[in-house]
Each structure stands twice: as structure tokens, then as C-alpha cells.
Amino acid sequence: MEEWWRGGVIYQIYPRSFQDTNSDGIGDLKGITKRLEYIAELGVDAVWISPIFSSPMKDMGYDVSDYKNIDPIFGTLEDFDELVDRAHSLDLKVMIDQVLSHSSDQHPFFLESREGKNNPKSDWYVWSDPLSNGSAPNNWLSIFEGVAWEWEARRKQYYLHNFLVCQPDFNFHNKEVQDWLLSTVRFWLDRGVDGFRLDTVNYYFHDKKLRDNPARLQSVESVLVNPYYMQEHIHSISQPENITFIENLRVLVDQYEDCALIGEISNIDLMAEYTKGNKRLQLAYSFELLGTEFSSKHIKDVIEYFFEISPNGNPCWSFSNHDVIRHLSRWSEEQDSLTGFAKLTAAILLSLEGTICLFQGEELGQTESDLDFEELTDPLGKRFWPENKGRDGCRTPMVWNSEKEYAGFSDVKPWLPVKDSQLKRASYQQLSDPESVLSFYKLMLSFRKNNKELRNGKTTFIDIHEQILAFSRKFDEKIILCVFNLAKDSIKLKAEGVECANSQITCGVKFSNNLLKFEPNGFIFLRANSGNTIFKVVN
Ligand code: BGC
């Protein structure tokens with residue numbers, strides 16, 4: 001049987017901002033359940049729900065204090081069961097986020113661990129004595145706030161935190177920790193989930209010897225705003241022992257039917273390594289297309305390189321998520337008339353080989369919200385403001401209906417504001433407009449679903465022009481050619497022996513007498529009548 005995730009599309013829900021039903025200004029599980037029909041109608045295969053577990057919410061749920069419970073702001077375990085049942089009845093798979101590398105400092109195990117060196121949980125986190133001069137045991141840095149070590153006076157030791165001070169790292173070298181974490185995963189499998197997004201999957205283990213990380217060869221000026229990027233993290237993360245743990249996790253999920261693991265991995269080589277063979281992760285979630293570069297060369301280089309080192313690997317691509325500036329704002333200076341660019345990027349993303357993740361609101365052509373410092377909730381933004389405004393701008397509430405108060409998200413003031421520029425891109429208003437971004441996503445999702453070549457075909461890039469992204473996708477001798485104009489100008493191409501594969505999906509391209517005239521943001525899907533198609537640029 002074909003696995004649902006292979007070539008499938010997953011819709012990422014950020015629960016705090018999806019739909020509020022209990023009038024506290026924060027989204028909840030009942031809200032998600034209420035909107036599942038909308039998601040199913042988009043034509044995706046699954047949802048991935050960002051963390052919903054008990055948490056002090058210092059990192060919005062990525063700091064878990066009870067791995068087997070739902071945080072009351074989101075609802076109850078019964079609400080979760082209802083959500084899963086409803087999703088399954090709509091033929092949607094449910095994936096949840098598992099934050100295994102660290103817990104909240106309010107987790108009972110950490111509260112116990114920090115009390116002393118001789119209690120049952122003392123070795124469950126990464127503790128180290130200070131150096132003789134009192135400083136931290138090594139030079140490791142935290143992504144979120146400077147040094148990765150925090151002093152604990154009760155133990156007279158430092159503990160490791162790769163993220164916030166309140167997110168202590170578990171000690172994976174302790175087998176009891178591994179077994180217990182696996183038992184929490186089993187808890188959710190038994191409740192019927194279809195897979196997991198594994199947060200920071202290469203952060204599980206650290207070097208037991210606590211060796212210093214070497215410097216990265218780059219100047220201080222080129223460091224964005226965070227010294228973290230001045231080190232090669234060869235000892236603090238991505239340790240070889242990770243693989244064994246991942247294989248054990250796979251053995252566990254394989255006991256359940258059709259269950260998938262997606263690991264969040266910020267490096268193509270590791271993506272290949274972690275998905276090699278069929279005993280590790282099924283899917284590797286990539287960061288490569290979440291950065292500032294949007295060019296045909298970049299997309300080609302990333303995808304070609306991945307499949308070169310991992311011909312049978314399964315990447316998972318996305319352009320937006322809850323950690324980065326929304327792609328329309330990241331890649332376009334224009335913020336008003338973005339419809340053409342939104343459709344272009346949707347068409348590219350949904351033509352790529354691999355699994356695709358869409359982030360809530362992306363289907364509406366949403367842009368990043370411009371927030372004031374006082375409106376921020378994200379510790380990262382507060383820490384690095386104004387150079388880095390943090391992640392609140394992509395996490396603002398879903399805009400369901402521009403005529404309703406708070407855009408139909410909540411009937412009270414939401415935890416993050418709904419701004420006018422987001423209000424313009426509401427879902428309800430787009431549903432009845434066949435030219436809207438939302439209508440285009442639906443068309444494109446159904447096009448992908450109904451064309452094996454697009455969903456599962458192998459990719460070959462075609463060099464035509466530096467600003468034209470072109471590739472073929474081939475499945476069972478059937479080929480579809482995907483051609484996109486990324487230039488700010490029109491480009492004319494001559495192509496013999498091709499025909500338009502779907503005129504409804506074509507945007508900004510005139511095609512007659514073998515001549516293809518692309519407007520900026522124009523794209524077309526073509527079928528070749530025979531043999532290799534030769535494209536030529538016409539001046
Ligand atoms: C999540 C972030 C989170 C971090 C720490 C990430 O990769 O996507 O939102 O802050 O892990 O858990």
C-alpha cells in the first residue's frame with residue numbers, strides 16, 4: 001500500500017492562533033475541530049499541530065511540563081480524542097509535535113533533578129561542575145540567549161540549555177530518559193495519532209566529554225544578530241548516538257499502522273543520514289527553503305543536492321512556518337499586490353518532489369504582521385529587537401472573515417493583534433472568488449493529488465535561463481514539465497512539441513505557435529508530445 005505521506009501535503013496548525021472557541025483570546029482544540037472541514041476541503045492529506053501539551057508557555061508550548069496531558073488553555077484529552085476522530089472521518093491524518101530534546105524547567109523531573117546529586121532524577125538532565133575559575137564548562141552557546149549553561153545554586157552546578165534558560169536539555173546518555181520519552185510517544189500513538197513532527201531532532205545527544213565547539217570560519221560582521229552562528233556545533237548537537245535513538249523510535253512507531261516521523265533538521269547532509277534506509281525517519285523537514293534566498297539557482301541546488309546524496313530519501317519542503325518570516329514578506333518587497341507572487345510560490349512549492357508542509361494562512365497569501373515591541377510575546381524577539389523582531393509576526397491569528405470582530409478568530413481581544421494588512425486577506429472573502437489565492441491553492445492541491453508525476457515523480461532540472469526555474473517530474477513514463485518565471489520582466493521562450501497540461505493552473509503565460517510568453521510571476525505546466533523538449537529563449 002502506498003504511504004500517505006509520500007508526496008503528500010501536510011497543513012501546519014499553530015493552535016494558539018487558529019480558532020478560539022472559549023473566548024480567552026487563544027485558539028484551542030475545539031476550534032481546530034470546528035475548522036477541520038475547511039482544511040479537508042483544501043485538499044491536503046494531514047495536519048501537523050504545534051505543541052498542545054501542558055506548559056508554562058515560555059516558548060509557546062515548546063517547553064513541556066507534562067508530556068501526557070493537554071494544556072488547559074487548549075482543552076482536554078477528550079477534546080483531543082474528538083479532534084482525532086473528526087480528522088479521521090474527514091480522511092485527514094493527524095501529526096503532533098514532540099519536543100523530546102528538552103523539557104520546561106517546571107517539569108517535575110527537572111524540579112527534582114535540580115535539588116541535588118543523589119535523587120532518582122539527578123542524572124536526567126545535563127549537569128556539569130564549573131571550571132576552576134567558576135565559569136561554564138565549555139563554550140557552547142544557546143540559540144536563544146548567549147551561553148548555553150545556567151548556574152543552579154542548589155546543586156552548585158551548571159545545566160545545559162540549547163534554547164531558553166527555562167528549557168533544560170534532557171540527558172539522553174541516560175537510558176532511563178530514553179525509555180521514558182519513548183513511553184510518552186507511545187501514549188499518543190495509543191490515542192490514535194498518525195505521526196510526529198520531531199522538534200530539533202538532532203539536538204537529543206551532546207558530547208559526553210563536553211568538548212568546545214570550534215569557531216566557524218566567518219567574520220563577526222557577517223554574523224546576523226546571534227553569536228550562535230559563529231560556532232560549528234559539532235559537539236553540542238548532531239551526535240552519532242542520535243541515530244540509534246531514532247531507530248528505536250522507528251521500531252516503536254512501526255508497531256502502529258501507517259505512522260510517520262518527520263524530523264526537523266537544519267542541514268541537508270543530516271537530512272539524508274537521518275532518513276537513510278527504512279529504519280530511521282521517514283521524512284526530514286528542511287530549513288533550506290525557509291531562508292532569505294529565493295532564486296531558481298538556490299531551489300535547484302538544494303533539491304538536486306538532496307537527491308544526489310539521498311536518491312531514495314524523503315525530504316519535506318516548506319516556505320513558511322511558525323519560526324520564520326512568512327515567505328511573501330521574506331521574498332518580495334512589494335506588500336500590496338502580492339496575488340501573482342503568492343500563486344507563483346504556491347505553484348513552485350506544490351510541484352516539488354517530496355512531502356510539502358503548508359503553514360496556516362499561507363493558503364490565503366498572508367504576509368508577516370508588523371508588530372510593535374510592546375505587542376511581542378516571543379522571547380527571541382524581545383531579546384534581539386530591533387535587528388530580529390522574533391516570531392510573533394508570522395504567528396498572528398488566522399483571518400477567517402474580515403467583517404467579523406477580530407476576524408472571526410475570537411470574540412475577545414486575541415493574544416496577538418490582527419492588523420489591517422492581514423485583514424485584507426481573509427478566508428471567507430476569498431472562498432467565493434475564483435481568482436483568489438485561496439482558490440488557487442485548492443486547484444493546485446487537487447492538481448498535485450491527481451497527477452502521480454507531480455506527487456511522486458522523479459525530478460530533472462532543465463537549464464533555460466537563470467531566472468526561469470524549470471524541471472520535469474516523471475512517473476511511470478509520464479512526464480510533466482513545470483516552468484516558472486522568477487524574473488521581474490517578461491521572458492519569451494520557444495518550445496517545440498509541448499502542450500499546456502492544465503489551463504486553469506496556468507498563470508501569466510500566453511502560449512501560441514510554440515511560443516511561450518511569460519509575464520513576471522508567470523508559470524505553466526506542460527506535457528511533452530514526444531522526446532526531450534528543447535526550450536530556447538527568444539529575444
Ligand atoms: C521550534 C521552535 C522552538 C524550538 C525549541 C524549534 O525548532 O520549531 O518554535 O522554539 O524548537 O523547542
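**Close-up views of aromatic rings, a helix and a cavity**

At 0% relative accessibility, Phe525 counts as buried (buried means under 20% relative accessible area, with a 1.4 Å probe and protein chains only). The model is predicted, so local features need pLDDT of at least 70 and side-chain atom pairs count only at pLDDT 80 or more, while totals for chains, interfaces and linings use all residues. Residues are numbered from 1 along each chain as its sequence is written, and side-chain values use heavy atoms, leaving out hydrogens and water.

**View A. Tyr125 stacks on Phe170.** Rings of Phe, Tyr and Trp (its six-membered ring) pair if their centres lie within 6.5 Å; planes under 30 degrees apart are stacked, over 60 edge-to-face, and the rest tilted. By this rule there are 41 aromatic pairs. In the stacked pair shown here, Tyr125 and Phe170 lie 4.9 Å centre to centre, with 25° between the planes. The pair links distant parts of the chain, 45 residues apart: Tyr125 is in the loop between α3 (108-113) and β6 (127-128), and Phe170 in the loop between β8 (157-160) and α4 (175-190). Helices (H or I, at least four residues) and strands (E, at least two) are DSSP runs, numbered from the N terminus. Tyr125 is buried at 1% relative accessible area, and Phe170 is buried at 0%.

**View B. Phe523 meets Phe525 edge-to-face.** The ring centres of Phe523 and Phe525 are 6.5 Å apart and the planes stand at 75°. Phe523 is buried, with 0% relative accessibility.

**View C. Ring pairs build a cluster.** Its members are Tyr67, Phe109, Phe110, Trp124, Tyr125, Trp127, Tyr159, Phe170 and Trp180. Look also for Lys121, whose charged end sits over the ring of Phe109, 4.8 Å from its centre. This label requires NZ of Lys or CZ of Arg within 6 Å of the ring centre and within 35 degrees of the ring normal.

**View D. Helix α13 covers residues 437-450.** Among the buried residues of α13 are Phe440, Tyr441, Phe447 and Arg448.

**View E. Ten named residues, from Arg326 to Gln422, line the largest cavity.** A cavity is a set of points, on a 1 Å grid over the protein atoms alone, where a 1.4 Å probe fits but cannot get out; lining residues have an atom within 4 Å of a point. The largest cavity holds about 60 Å³ of space. Its lining includes Gln360, Thr396 and Met398.

Terms used
Buried means under 20% relative accessible area, exposed over 50%, partly exposed in between (1.4 Å probe, protein chains only). The expected span of a helix is 1.5 Å times one less than its number of residues. On a 1 Å grid over the protein atoms alone, a cavity is a set of points where a 1.4 Å probe fits but cannot get out, and a pocket is an open set with protein on both sides within 12 Å along at least five of seven lines; lining residues have an atom within 4 Å of a point. Grid points are joined across faces, edges and corners, and a volume is the space filled by probe spheres set on the points.
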